[in-house]
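Please have the sequence and the structure open while I talk.

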Amino acid sequence: MAKVKKKRPTRDEFELEEIGNTLVEAYDEKSEVLLDVWERENVQGNIIKMDSRTRLIHIERDSNITKVPFMDIMKVSVL
């Protein structure tokens, strides 16, 4: 039997734009964020890079860098 991959929930353009705007604002203000990531545990830290080519958001916390695909971000909270 083939393994069935769970499909990522779809979001409309408005939701994606709102997430993007919140990320840019937090990046510019160097604010700490809490990301609710699809099928992973939450990621908390400061955004150090937003790579438009790979669509990865680089989050740093305690000198550890986590790379989160933009499309996997379900919700952004600025702390």
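K49 is partly exposed, at a relative accessible area of 40%, where partly exposed stands for the range between buried, under 20%, and exposed, over 50%, with a 1.4 Å probe and protein chains only. This is a predicted model, in which local features need pLDDT of at least 70 and side-chain atom pairs count only at pLDDT 80 or more, while totals for chains, interfaces and linings use all residues. Residues are numbered from 1 along each chain as its sequence is written, and side-chain values use heavy atoms, with hydrogens and water left out.

K49 forms a salt bridge with D51, their closest N and O atoms lying 3.9 Å apart, the criterion being a side-chain nitrogen of Lys or Arg within 4 Å of a carboxyl oxygen of Asp or Glu. D51, for its part, is buried, with a relative accessible area of 14%.

Both K49 and D51 are touched by H58, contact meaning heavy atoms within 4.5 Å. H58 belongs to strand β3, residues 56-61, strands being DSSP runs of E with at least two residues, and helices runs of H or I with at least four, numbered from the N terminus. H58 is itself buried, at 9%.

How many salt bridges does a search of the whole structure find? The search finds two, and in one of them D72 pairs with R8, the closest N and O atoms being 2.8 Å apart. Because D72 lies in the loop between β4 (64-69) and β5 (73-78) and R8 in the segment before α1, this pair ties together parts that are 64 residues apart in sequence.

Key:
Lists of a residue's contacts leave out its neighbours within four places in sequence.
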